[in-house]
Amino acid sequence: MIADKLTVIREDIKRYSPYPDRVRIVAVSKKQPIEKMRSAVEAGIKDLGENRIQDALDKFSLEAFDGITRHFIGYLQSNKANKCLQNFNWLHSLQTEKLAKLIAKSDYRIKCLIEVNISGEANKSGLPPDELPDFLKKVRDYEGLEIQGLMGMAAFTDDKSRIRRSFALLRSLAEEYKTLETDHFKMDELSMGMTHDYRIALEEGATFLRIGTGIFGPRSMN
Ligand SMILES: *Cc1c(COP(=O)(O)O)cnc(C)c1O
């Protein structure tokens, strides 16, 4: 079942992405049982995404998940930052200078994506696009902070052209700020596309898809 779903997603990557070899599937396992996570790994998943530190640590400690690349995709509070740095390989939701400084000073290395609010909805997380230039110019000088690209979420809507505009915006921002690149500041990765909109994200150049229910089925309620 999970293997079949992954087969379809992999075919979609070949069909819709301009550079299929660069695309990775982050299987979002928040509120999913261990058994399903194991099945995904058996079916070739190399990247798992979680949005709560403690839930993730409980599950990731199992041997079955040794060697899996771990992505933190939720909002990260500063007081949980160290736990995140110690246990995850990627952070998709960097959006404050405070956190950027903390990461830069830490002995643990984590690859970071800056979350941008591309949905146009005021209550959504991420930096507003117009605050991005100042933020980037500041954090690019932080030695020890490894920026790899941008992350964004489109509005939850059936309006495909609106979703596409959001993803195109993220891509154009990454292209624009490629001029600022240094050895520890890259604009190579675009984390965009979830279960309901990943095909559009692929067409617009996503390199990380974050897919949960489309792989594992519905999440548990607790
Ligand atoms: C839960 C979550 C996803 C996965 O959503 P699905 O609709 O289940 O694919 C992706 N990104 C973020 C940031 C999430 O919190």
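Q: Which residues surround the ligand in this predicted model?
A: The model is predicted, and the residues are numbered along the chain. The ligand's surroundings include Arg210, Ile211, Gly212, Thr213 and Arg219. Also around the ligand are Val28, Lys30, Ile73, Met151, Met153, Met194 and Thr195.

Q: What is the distance from Arg210 to the nearest side chain of opposite charge?
A: Arg210 sits in strand β8, residues 208-211. This arginine is buried and has no salt bridge, a term that calls for a separation within 4 Å. The nearest side chain of opposite charge is that of Asp197, at 6.9 Å.

Q: Which residue's side chain is joined to that of Arg210 by a polar contact of 2.9 Å?
A: Beyond its neighbours within four places in sequence, Arg210 is in contact with residues including Val26, Val28, His92, Ser191 and Met192. Among these contacts, the side chain joined to that of Arg210 by a polar contact of 2.9 Å is that of Ser191.

Q: How many disulfides are there?
A: A disulfide is a covalent bond between the sulfur atoms of two cysteines. The sulfur of Cys84 has its closest cysteine sulfur in Cys112, and at 8.6 Å that is too far for a bond, given a cut-off of 2.5 Å. Cys112 is likewise in no disulfide. Cys84 is buried at 0% relative accessible area, Cys112 is buried at 0% too, and the number of disulfides is 0.

Q: Which elements do the buried residues of α3 pack against?
A: Helix α3 spans residues 53-60, and its buried residues are Ile53, Ala56, Leu57, Lys59 and Phe60. These buried residues pack against α2, β2 (47-50), β3 (69-72) and α4 (81-87).

Q: What is the phi of Lys31?
A: Most residues other than glycine have a negative phi. Lys31 lies in the loop between β1 (24-28) and α2 (34-42), and is partly exposed because its relative accessibility is 29%. Lys31 has a positive phi although it is not glycine, with a value near 55°.

How values were computed:
Residues numbered from 1 in each chain as written. Predicted model: local features only at pLDDT ≥ 70, side-chain atom pairs only at ≥ 80, totals over all residues. Heavy atoms only, no water. Helix = DSSP H or I, 4+ residues; strand = E, 2+ residues; numbered from the N terminus. Buried < 20%, exposed > 50% of the residue type's maximum accessible area, 1.4 Å probe, protein only. Contact = heavy atoms within 4.5 Å. Lys, Arg positive; Asp, Glu negative; His and termini not counted. Polar contact = N/O pair within 3.5 Å; in protein donor to acceptor, adjacent residues only side chain to side chain. Near = heavy atom within 4 Å.
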